[in-house]
Amino acid sequence: MKLTLEKIKKLIKEVLKEEKVPQEVKEKIFAQMKKDKAVPEGQTIDDAKFWEVEKGDRGAVEHNGKYYYGEI
């Protein structure tokens, strides 16, 4: 994959958004994922990715006025 400055900036933004997700939100999203049977056997919360999304995004979880999503 050829990394351009634009791609690098996008990756950095994604990582920064992911780091800002509160642990309690991660746990809430992961619990819902498990309930929906969306977690492969043997996977843990550490294997999931979480990030901030926009209001109205499908599956978003609201916390203190911000919206988050996660997947594995």
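I started at valine 53: leaving aside neighbours within four places in sequence, I found it in contact (heavy atoms within 4.5 Å) with Ala60, Tyr67, Tyr68 and Tyr69. Valine 53 sits in strand E1, where strands (E, at least two residues) and helices (H or I, at least four) are DSSP runs numbered from the N terminus. I noted that valine 53 counts as buried because its relative accessibility is 13%; buried means under 20% relative accessible area, exposed over 50%, and partly exposed in between, with a 1.4 Å probe and protein chains only.

A note on the source: this is a predicted model, where local features need pLDDT of at least 70 and side-chain atom pairs pLDDT 80 or more, while totals for chains, interfaces and linings use all residues. Residues are numbered from 1 along each chain as its sequence is written, and side-chain values use heavy atoms, with hydrogens and water left out.

Next I looked at the sheet. I see an open sheet of three strands, ordered E1-E3-E2, with antiparallel pairing; two strands pair if DSSP finds at least two bridges between them. E1 (49–53) and E2 (61–63) are the edge strands, each pairing on one side only. E1 and E3 (residues 66–71) share five bridges. I also looked up glutamate 52, whose bridge partner in E3 is tyrosine 68.

Back to valine 53 for a distance: its C-alpha atom is 11 Å from that of valine 21, 32 residues apart along the chain.

Last, helix H1 (residues 5–19), which holds isoleucine 12. I put isoleucine 12 down as partly exposed because its relative accessibility is 47%.
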